[in-house]
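Hi,

Here is the structure I promised to pass on.

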Amino acid sequence: MLVIDHLSKTYPGGKIAVRDLSITVEGGDLFGFIGQNGAGKTTTIKSAVGILPFESGEITIDGHSVKKDPVTCKKLIAYLPDNPDLYDALTGIQYLNFISDIFRVSKENRAERIGRYAELLEMSTSLNTPISSYSHGMKQKLALISAFIHQPKLLILDEPFVGLDPKAAFTLKTIMKEFCEQGNAIFFSTHVLEVAEKICNKIAIIKNGELIACGATDEVRGTQSLEEVFLELTEHE
Amino acid sequence: MSNFIILVKNNCLVFWGSLKTRKKGRYAASGVLMVFLLLFVGFSMGSQSVITTMALVEEGIPQLSIFMSLMSALTIGILFGLMRAANAAGSKDAELLLSLPVGRVTAVCSKVITQYIFDAPLMIMIFAPTVIAYYVLAGASTGELVRGLILTLLLPLIPIALSYLLGAILAYLQEKFKMTSIITTGILMMLVVGYMFVNFKSSSILAGVTDGGNASALGMIEKFAPLSWLTHFVLDGSVLPVIFSLLMLIVPFYLGVWLYAYAFGRPKNGYRSNSKVVAYAQRSPRKALLDKEVKRYLACSIYVFNTAFSPLMLIVIAAVLTVIGPEQLISSMKLPIEAQAMISRDFTWVIIAAGFCLFPAMTSTTASSISLEGKQLWILKAHPVRTEDIFWSKYMLNILLLVPVSVLSSIFIGVRVQMSPLEVVGFAAVLALLGILVSMLGLIVNLFFPRFDWDSETAVVKQSMSVLMSMLAGFTAACIPFILYFTLLQKFGFLGFCAAAIVIYGGLTAGSYFFLKTAGRKLFEAL
């Protein structure tokens, strides 16, 4: 589904954000991507989504190159940034209609999907309200609803649990599991190791732009908790 | 150092920091530009005041210099207040300040004083030189000088009061009504247009009265009640004008600051709807993008302010010319009769066309439309949208705003001055093409000079390099056919001018379109 092959990304000024990183996410995977602040998680995610250009390596989504065929790739995925800045000038429903139009979702399908996810995330009564009055969590929920509108094959989420209330976080975990059970995949970054340990079938750990562990959760973790493994790997050079 | 001083210093540092960009050169350039502007404005205002006072001393009516200078200072002050009103209620860092061990009064006062520090220099530069020149050149008393200087320091309270009062009203409306951004923009537009009208009227009255003699000029001061109080505050210091002046300056200021303090730190409650009934409208991606651009445009008062000026002026010019006719226009220029006789019909039309081309060339929504994506740029970049469609939606907004008005205005004027149908079509085509060209040029310039790290839309819409460069590019492009006409093509008449302009604007538009499709696309993708 998602293949990141020897990705390297250097920012202007010479800072190497990601170095020779390779990850493969397959259909059905719920893939957790963890690392310290500034390790290169968001850079990797933004490169995979086609927001950030990268100088070497290749990223493909369902066989399509992000570099060569970005629009096709973007049709297959949905992306949720860590801090979703949405169009404040629009109401919630206007934003969802905008995203539906971009993905050419029919009126009937968008009504059904928006209605379902808005109900699940308790946003139904806020959709006619301007986004400018939303809290961070509400913006996060709205961005989540927009991510499911076109039924993507791959969800790429950057810190999706930040700002969500406990109920919404639980709902999201349930939605994520169901989504992957249908053969789709999710690649997400998180700092909440308990969540990653509990719901992910695969995990990758990144440190200073380099992958230091990657594989099935049980293999990465071994007999220890994910927290212990993470601290051990990230503390030692 | 007291908390108050620390907060004021911090407010100034935050402002200075907002000018900073990652590039050191631009940071230094901003500083140099600001100092240069301050010196330039200060020098020109000061010298203008001295010249005016000298002239009025010779006429025997030096008192009028105080009156006129007050009018200029208030004009600038009121405009400042109006332009700032939309963002005046509350403060972005209010919660942070209130969480610190700093009193609420201290925090609010620091904000008000900072605003005073920003407003005061320009108003002082307008009024203080007149007061000093009046004292030196007209032999005024020390009392007049002292009262003049006191008034100089009190004048900046007016824009602060106005922005806070109007800001509180707009914040109230935003809480109570849907579509508040449009309401806010509408109210501010009406106020600014009303203000321009009053300003124009008072200037013409002033010009008429000064032509009428000294007694009439001095008598006229009494006709402008609030201004006459302030003038008498300086000139004679009599009790009633002093009381009225202080009331006029201090009461609105106190009320405005009180309202500002009341809103400081309180959550801004936007309009909320609990309705579960939602409308699902299906459009093509292009239409959805354009719709988003329109909503974004209407939601930002300062954006509308800055860019609706051109179409508005086109309508005004068209209306004025339709009513008075070109003959009246030429006679109002007060040219010698021989010169008027030499002006041909076609020459007049080209002059009219120049007037019509000037405004569309000066402003464009596209000059800041990429920058205005700001932190939301990820939405366009992460979704399957073709860059061409993004560009299309952006320049189409400006085209929709400009071209229909331009075409209709040109048709009205063409018919009024009895152009032939072919000439009317040519004139309309010139204006339409220029509208399209300026829209594309603005977008290209913004791709070269994007700015995403803004806190206030004003920084992008009014103060960005892109807007400045776009204005320059639009103006230069618009001038080319006129230069050609006046140097080489006069013998071909108005139709010759139209043909040249169509070829030039058309060629530049085609070039711009091609640039956007190729290099422009790459520039956008690299953002």
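**Helix α11 of chain B**

In α11(B), the buried residues are Ser245(B), Leu249(B), Phe253(B), Gly256(B), Val257(B), Leu259(B), Tyr260(B) and Ala263(B). Please keep in mind that this is a predicted model. The cover over those buried positions of α11(B) includes α5 (104-137), α6 (142-154), α7 (157-176) and α10 (225-235) of chain B. The helix runs over residues 239-263, and its 25 residues, at 1.5 Å a residue, should span 36 Å; the end C-alpha atoms are 36 Å apart, so the two values agree. After α11(B) comes Gly265(B), with a positive phi near 85 degrees.

**A helix pair in chain B**

Next, take a look at α16 (residues 345-362) and α18 (residues 387-416) of chain B, which pack at about 165 degrees with axes 12 Å apart. An angle over 145 degrees counts as roughly antiparallel, and α16(B) and α18(B) are therefore roughly antiparallel to each other. Their crossing is right-handed. From α16(B), Ile352(B), Phe356(B) and Pro360(B) meet Leu402(B), Ser406(B), Ser409(B), Ser410(B) and Ile413(B) of α18(B). By class, that contact has 5 nonpolar, 3 polar and no charged residues.

**Where the chains meet**

Finally, the contact between the chains draws 34 residues from chain A and 31 residues from chain B. On the side of chain A, the elements giving two or more residues are α2 (70-76), α3 (92-102) and α4 (107-120). α3(A) gives the most, with 6 residues. That side of chain A comprises 18 nonpolar, 9 polar and 7 charged residues.

Best wishes

Notes. Residues are numbered from 1 along each chain as its sequence is written. Chains are lettered from A and ligands numbered from 1 in the order in which they are written. This is a predicted model: local features need pLDDT of at least 70, side-chain atom pairs count only at pLDDT 80 or more; totals for chains, interfaces and linings use all residues. Two residues are in contact if their C-beta atoms, placed from the backbone, lie within 7 Å. Helices (H or I, at least four residues) and strands (E, at least two) are DSSP runs, numbered from the N terminus. Ala, Val, Leu, Ile, Met, Phe, Trp, Tyr, Cys and Pro count as nonpolar, Asp, Glu, Lys and Arg as charged, and the others, Gly among them, as polar. Axes are lines fitted to C-alpha atoms, for helices over the stretch in contact, and angles run from 0 to 180 degrees between N-to-C directions. Angles under 35 degrees count as roughly parallel, over 145 as roughly antiparallel, 65 to 115 as roughly perpendicular and the rest as oblique. A crossing is left-handed if the near helix is turned anticlockwise from the far one by less than a right angle, and right-handed if clockwise. The expected span of a helix is 1.5 Å times one less than its number of residues. A residue is buried if 20 or more other C-beta atoms lie within 10 Å of its own, exposed if 12 or fewer, and partly exposed in between; C-beta atoms are placed from the backbone.
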